[in-house]
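Subject: Handover of a structure, with notes

Hello,

The structure is placed below, followed by notes on what was found in it. Please keep it open while you read.

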Amino acid sequence: MAVANSPVACSTDAGIPLLYDAVDGCVDYKGRPVLRSSSGGWRSASFIIGVEVAERFAYYGIASNLITFLTGPLGQSTAAAAANVNAWSGVASLLPLLGAFIADSFLGRYRTIVVTSLIYIIGLGLLTLSATISFDATSGCLNSNDITSCASRSFQVILFFFALYLVAVGQGGHKPCVQAFGADQFDGEHPEECKAKSSFFNWWYFCMCGGTLLTLWILNYIQDNLSWALGFGVPCIAMVVALIVFLAGTKSYRYSQKGNEKSPFVRIGRVFIVASRNWRTSSSAIAAKEEACGTLPNEGSKQFNFLNKALLAPDGSEEYGRVCTIGEVEEAKAVLRLVPIWATCLIYAVVFAQSSTFFTKQGATMDRSITIGFDIPAAALQSFISLTVVLFIPIYDRIFVPLVRAMTGRPAGITLLQRIGTGMFLSAVSMVIAALVEMERLKIAQESGLVDMPNVTVPMSVWWLVPQYVLFGMADVFTMVGLQEFFYDQVPSELRSLGLSLYLSIFGVGNFLSSFLVSAIDKATGTDGHYSWFANNLNHAHLDYFYWLLAGLSIIELAIYIYFSKSYIYNKGSTS
């Protein structure tokens, strides 16, 4: 695909759009000015949303039941498996930072999606291959001196984790670019498309959770009851189909037009470097420079005044390339404003990590029977999160937003930060409910004499877990979607892939924090003959204590978040 830097111009030639219908800053797949009526919008976004459905189907086909595979066929302990799941999820959520850098600085979003999709497919193929070799955690090199068996098992484990992290690499480039590329199909300067863009993030998450639902209802059953190889092979096929669908929409997409200016990473980085070199520069010199430039400080310019020192060179000269422009300084400030919001969402990410680890292990100990001979897979309980999202997003988008919009006059009804904070409150409530349910489960296990019988089902219905999953889903509608739109909307247009990767990195760091907490608490509570909070026998464990800890941390985090959000200044042109 060729992307030219030619300006939009009037023409009567066929195939070249007229000025009044051209989309500023965008070109078609051949690098020509693009016509609004024949490109972008929901038509193009539908291709990209379809790709996301397939990608989430593939990703959660691995992630949702990974702890079961690690504690089952691989024979790992509950704490070790949870740490491995969190570590992998953390890497998968941090790699988008690298993927976004490559996309925004070198390849562009379209090419990055194609390349990383191929990596994704290779990783899923190798993962399927690793699962075709039968694992047996109770035989081979664990209980014998059979060198061949031991070497074979080592190869299987190495291949499995290599493939697993290759999937993370593919996801790292795919995830931030696909959503940013989808949002790029809507012109934020056009009144109707601006509203559609805000709605896009809601329906994006709606469809994404639809893909997750398919995973939890179909793939988890296949993995638990039929074959792990088949359970990993189907996601591989889904990603192949996703790539074909994405390529089919090539001619209808709008591609962001890049100018000849420096990379946004270089521009922003240089602001911090020049400002640090000018740390001795007086405030009066900076004020004089601003006045000379003819700029009046707006509300946002008053924040992070130390960056204004980048407007002057260290030796007082103004040679081109040695000083930064007002626009570059404002770009750097826009990115820096995101840091407090990013940091105060980390505990939310730690809470979010529990749905695919300890919630699943909880459910595995409870009565999961629906009919005689059929038990719902423990990992499939996560489908209640996605089901809640699928049911609640239409209500939010079609009823809640128009009603609140009529009162506030804002396109999205409430501000993005209000939306995010609401979800954080709901996640704290979900942890309180999770702790209460776990206390009841432990009480029933003790009353039934099952404390020392971990393989016997506790006579307590798994449906007791549904409320905490439903609250997770409602929290996602507010916080997850809000974070996606916030980090896309509040960064410079050239850094939108990076913005979405910053949103994803919250959950990467959150998974690492969760892993650290689990490991530290496991070591601290499992000494001197005492059972760890995360003992392999959950009837001896105390997940309820862990949930109470997370609930307390969530309340503290919410208070700090409210403090910073009150002083946050939105960028000009924001949908908020």
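Which residue just after α13 takes a positive phi? That residue is G409, with a phi of about 80°. Some background comes next, and then the rest of the findings.

This is a predicted model, in which local features need pLDDT of at least 70 and side-chain atom pairs count only at pLDDT 80 or more, while totals for chains, interfaces and linings use all residues. Residues are numbered from 1 along each chain as its sequence is written, and side-chain values use heavy atoms, with hydrogens and water left out.

Helix α13

Helix α13 covers residues 383-408 and bends by about 40° at Y396. The bend at a residue is the angle between two axes, one fitted to the seven residues ending there and one to the seven starting there. Helices (H or I, at least four residues) and strands (E, at least two) are DSSP runs, numbered from the N terminus.

Salt bridges

A salt bridge here is a side-chain nitrogen of Lys or Arg within 4 Å of a carboxyl oxygen of Asp or Glu. By this rule the count comes to eight salt bridges. Side chains of opposite charge can pair when their charged atoms come close. For the burial of each partner, buried means under 20% relative accessible area, exposed means over 50%, and partly exposed is in between (1.4 Å probe, protein chains only).

One of the salt bridges joins the side chains of E52 and R56, at 3.7 Å from N to O. Both residues lie in helix α1 (residues 41-63), four residues apart, which is about one turn of the helix. E52 is buried because its relative accessible area is 1%, and R56 counts as buried because its relative accessibility is 4%. This pair also belongs to a network of salt bridges that links E52, E55, R56 and K175.

Another salt bridge is between E330 and K333, at 3.9 Å from N to O. The two sit three residues apart in helix α10 (residues 326-343), again about one turn of the helix. Here E330 counts as partly exposed, at 24% relative accessibility, whereas K333 is buried, with a relative accessible area of 0%.

In helix α14 (residues 416-447), E438 and R441 are three residues apart, about one turn of the helix. They form a salt bridge whose closest N and O atoms are 2.9 Å apart. E438 is buried at 0% relative accessible area, and R441 is buried at 1%. As for the spacing in these helices, an α-helix has 3.6 residues a turn, so residues three or four places apart point the same way.

Cysteines

The structure holds zero disulfides, a disulfide being a pair of cysteine sulfur atoms within 2.5 Å. C177 is buried, with 0% relative accessible area, while C207 is partly exposed, with 24%.

A nonpolar patch on the surface

L98, F101, I102, F106, L107 and V115 form a nonpolar patch on the surface, and together they have about 510 Å² of accessible area. Patches are made of residues with over 30% relative accessible area and no salt bridge; like charges are joined within 9 Å, and nonpolar side chains (Val, Leu, Ile, Met, Phe, Trp, Tyr) within 5 Å. Accessible areas come from the Shrake-Rupley method with a 1.4 Å probe, and for residues only the protein chains shown count as cover. Helix α3 (residues 78-107) gives the largest share of the patch, five residues. V115 lies in helix α4 (residues 109-132) and is partly exposed, with a relative accessible area of 41%.

Loops and contacts across the chain

T344 lies in the loop between α10 and α11 (346-353) and counts as buried, at 7% relative accessibility. Its side chain reaches the backbone oxygen of I341 at 3.2 Å.

R36 lies in the loop between β2 (33-35) and α1, and at 19% relative accessibility R36 counts as buried. R36 and A22 are 14 residues apart in sequence, and their C-alpha atoms are 5.7 Å apart in space.

V169 has its place in helix α5 (residues 147-183) and counts as partly exposed, at 38% relative accessibility. V169 and P96 are 73 residues apart along the chain, with 8.4 Å between their C-alpha atoms.

Regards

How values were computed: A polar contact is a pair of N or O atoms within 3.5 Å; within protein, one must be able to donate a hydrogen and the other to accept it, and residues adjacent in sequence count only if both atoms are side-chain atoms.
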